[in-house]
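Please take a moment to look over the sequence and the structure below. We will then walk through the fold together, step by step.

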Amino acid sequence: HSSTYPRAAMAQLRGVRELRLLLCKGAPSEGAKQFIVQKYAEIKKANPQLPFLVREMSDITPTMTARFDYGKEKVVQLANLKAADIAKKLADLGGAKA
C-alpha cells in the first residue's frame with residue numbers, strides 16, 4: 001500500500017551509488033516484483049542518476065544490494081517480503097551510513 005511509504009523517503013537514497021535487485025523465478029520474489037512495479041518510476045524520478053539494476057535468475061535467494069562510496073555494499077534478503085516491507089528496507093538502506 002503506497003500511502004504507508006512516504007515519498008520523501010526516496011530522497012534518502014542520495015548516499016546510494018547503485019541499487020541491484022536479484023530475483024528468483026517464483027513465489028519468494030513476488031513481493032519484490034510488486035515493489036518494482038509500484039516504486040521503480042518513483043525511485044528513478046527522485047534519483048535519476050541512480051543505476052537501478054534488476055535481474056531474474058534461477059535458484060537464488062532474492063536480495064537487494066545497495067552500493068555506496070568506496071565500494072561498500074549492504075545486502076538485504078527479500079525472500080517472501082511484501083512490497084511495503086521492501087520499501088521500508090530500502091529507506092533504511094538509503095539512510096544507512098556505509
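What follows is a short tour, from the overall layout to a few individual residues.

A word on the source comes before the tour: this is a predicted model, in which local features need pLDDT of at least 70 and side-chain atom pairs count only at pLDDT 80 or more, while totals for chains, interfaces and linings use all residues. Residues are numbered from 1 along each chain as its sequence is written, and side-chain values use heavy atoms, with hydrogens and water left out.

Let us begin with the layout. The chain contains two helices and four strands, and along the sequence they follow the pattern β-α-β-β-β-α. Here helices (H or I, at least four residues) and strands (E, at least two) are DSSP runs, numbered from the N terminus. Of the 98 residues in the chain, 38% are buried. Buried means under 20% relative accessible area, exposed means over 50%, and partly exposed is in between (1.4 Å probe, protein chains only). Among contacts between residues at least 6 apart in sequence, 69% join residues at least 24 apart.

Now look inside. A nonpolar core is a set of buried Ala, Val, Leu, Ile, Met, Phe, Trp, Tyr and Cys residues joined through side-chain atoms within 4.5 Å. The largest one here has 22 residues, and those with the most contacts inside it are Leu19, Leu21, Phe35, Met64 and Leu78. At least two residues of this core come from each of β1 (18-24), α1 (30-46), β3 (63-67) and α2 (83-95). Which element gives the most to this core? That is α2, with five residues.

With a relative accessible area of 7%, cysteine 24 is buried. Not counting residues up to four places away in sequence, cysteine 24 touches Ser29, Lys33, Glu56, Met57, Ile60 and Pro62. The C-alpha atoms of cysteine 24 and methionine 57 are separated by 5.1 Å, although these residues are 33 residues apart along the chain.

Next come the aromatic rings. Rings of Phe, Tyr and Trp (its six-membered ring) pair if their centres lie within 6.5 Å; planes under 30 degrees apart count as stacked, over 60 as edge-to-face and the rest as tilted. The structure holds one aromatic pair. Why is the pair of tyrosine 40 and phenylalanine 52 edge-to-face? The ring centres of tyrosine 40 and phenylalanine 52 are 4.9 Å apart and their planes are at 70 degrees, so the pair counts as edge-to-face. Because tyrosine 40 lies in helix α1 and phenylalanine 52 in strand β2, the pair ties together parts that are twelve residues apart in sequence. Tyrosine 40 is partly exposed at 33% relative accessible area, whereas phenylalanine 52 is buried at 8%.

Finally, turn to two loops. Most residues other than glycine have a negative phi. Aspartate 59 has a positive phi, near 55 degrees, and is not a glycine. Aspartate 59 sits in the loop between β2 (52-57) and β3, and is exposed at 81% relative accessibility. Asparagine 80, also not a glycine, has a positive phi of about 65 degrees. Asparagine 80 is found in the loop between β4 (73-77) and α2, and is exposed with a relative accessible area of 58%.

Terms used: Contact = heavy atoms within 4.5 Å.
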